[in-house]
Amino acid sequence: MTSPLLTLNSGARIPAQGYGVYKVPPQQTRTLVRQALETGYRLIDTAAFYLNEEGVGQAVREAIADGLVNREDLFITSKLWNDQQGYHKALHGFDESMARLGLDYLDLFLIHWPAPQQDLYRETYQAFEKLLADGRVRAIGVSNFLPEHLERLLQDSSVIPAVNQVEMHPWLQQGPLRAFHAQHGILTQAWSPLARGKLLEDPQLLCLAQELQISVAQLALCWLRDLGVSAIPKASSPERMKQNFELPAEALSPQILARIAQLDRHQRVGSDPRTVG
Ligand SMILES: NC(=O)c1ccc[n+]([C@@H]2O[C@H](COP(=O)([O-])OP(=O)(O)OC[C@H]3O[C@@H](n4cnc5c(N)ncnc54)[C@H](OP(=O)(O)O)[C@@H]3O)[C@@H](O)[C@H]2O)c1
């Protein structure tokens, strides 16, 4: 089984479904990423902040050496942490991530948070544009940016971010932000697509999932897929990885989509981008 591919505004193709490794302990990362690759995941989402880029790189390099995957079929994302914002620090931060990953190029590099108090994200993004021009990264983007941050960024940058990776799940549907993305050709990517597991006990989702004879995790992930949103759930067992990856092919009906639309509570399980950094 493979994930559908989405096309970024850079022309690069990204698997819609990925595997995220936030809170995967460094000593388990190599094994879990290997299991994810064996399950069929080709998009792996890490960050300098997760302290597990080495394990991601090790698993990826071994899988290539073993003939399980080709580098061209993989899509590796990493993110620059807040204390490395600024033009020169960002270039250095990228080099450090690449040294930990042990890869020749990165598929996507993201500014992890706008950190508006620092007011360095525009300068940081200029460094990202250089990395793109130098061919060190295939696409550049941002994470946790609100429309106000994107608007400022677009004013003085020549490259539109390919992706904005934000918290999104049925309790936080991000309508206005997604409309902004659609207007500018930015792909929405959902982090914590299962609301860190909390969503799985939502009684209305449980009821819908039961009707469809799928799990709540699969229902939430099908909903994102059907909205054209890329998702990067984290899971710690091969069974859960498989469940999250092997989604029913059929699109959810308009009736089911309408019922999920009613569950939006504008509720975050993660941090507010206005206050981080
Ligand atoms: N850009 C950012 O600022 C940002 C912030 C947060 C996260 N992220 C990215 O997004 C990824 C996913 O977010 P997340 O890890 O916060 O939350 P998540 O993917 O919404 O939820 C992960 C939780 O759900 C559980 N789970 C996963 N699949 C399940 C299933 N099929 N059935 C039951 N439980 C299941 C996992 O348990 P087990 O692990 O025990 O299996 C884990 O506790 C991260 O790993 C990271 O790559 C980015």
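Strand 9 (residues 187–191) is mostly covered, with 5 of its 5 residues buried. Here "buried" asks for 20 or more other C-beta atoms within 10 Å of a residue's own, "exposed" for 12 or fewer, and "partly exposed" is in between, with C-beta atoms placed from the backbone. Strands are DSSP runs of E with at least two residues, helices are runs of H or I with at least four, and both are numbered from the N terminus. Keep in mind that this is a predicted model, where local features need pLDDT of at least 70 and side-chain atom pairs count only at pLDDT 80 or more, while totals for chains, interfaces and linings use all residues. Residues are numbered from 1 along each chain as its sequence is written.

In a regular strand the side chains alternate between the two faces of the sheet. In strand 9, Leu-187, Gln-189 and Trp-191 point one way, Thr-188 and Ala-190 point the other way, and all are buried.

Now look to either side of this strand. Strand 8 (residues 163–167) pairs with strand 9 in the parallel sense over 5 bridges; strands count as paired if DSSP finds at least two bridges between them. Gln-165 stands opposite Gln-189 in strand 9. To get from strand 8 to strand 9, the chain passes through helix 6 (residues 175–184), and this β-α-β crossover is right-handed: with the strands pointing away from the viewer, the path from the first strand over the helix to the second runs clockwise. Strand 10 (residues 230–231) runs parallel to strand 9 and is joined to it by 2 bridges, with Ala-190 opposite Ala-231. Gln-165 also turns up in the pairing of strand 8 with strand 7 (residues 137–143), which is parallel over 2 bridges: Gln-165 is the bridge partner of Ser-143.

Stepping back, 8 strands form an open sheet in the order 3-4-5-6-7-8-9-10, with parallel pairing. Its edge strands are strand 3 and strand 10, each pairing on one side only.

What is Gly-18 in contact with, leaving aside its neighbours within four places in sequence? The partners are Tyr-41, Leu-43, Ile-44, Asp-45, Ser-230 and Ile-232, where contact means C-beta atoms, placed from the backbone, within 7 Å. Gly-18 is found in strand 3 (residues 18–20), and it counts as buried because 25 other C-beta atoms lie within 10 Å.

In soluble globular proteins, nonpolar side chains tend to be buried together. The largest nonpolar core here has 77 residues, and Tyr-19, Ile-44 and Leu-108 are among those with the most contacts inside it. Such a core is a set of buried Ala, Val, Leu, Ile, Met, Phe, Trp, Tyr and Cys residues joined through C-beta atoms within 7 Å. Helix 8 (residues 216–226) gives the largest share of this core, 8 residues.

The ligand is surrounded by 28 residues, the closest being Gly-20, Trp-191, Leu-194, Gly-197 and Lys-234; a residue is near the ligand if its C-beta atom, placed from the backbone, lies within 6 Å of it. Helix 9 (residues 238–245) contributes the largest share of this shell, 3 residues.

One last stop is the backbone. Most residues other than glycine have a negative phi, and most peptide bonds are trans. Ala-195, in the loop between strand 9 and helix 7 (203–212), has a positive phi of about 50° although it is not a glycine. Ala-195 counts as buried because it has 21 C-beta neighbours inside 10 Å.

Note on methods. Two residues are in contact if their C-beta atoms, placed from the backbone, lie within 7 Å.
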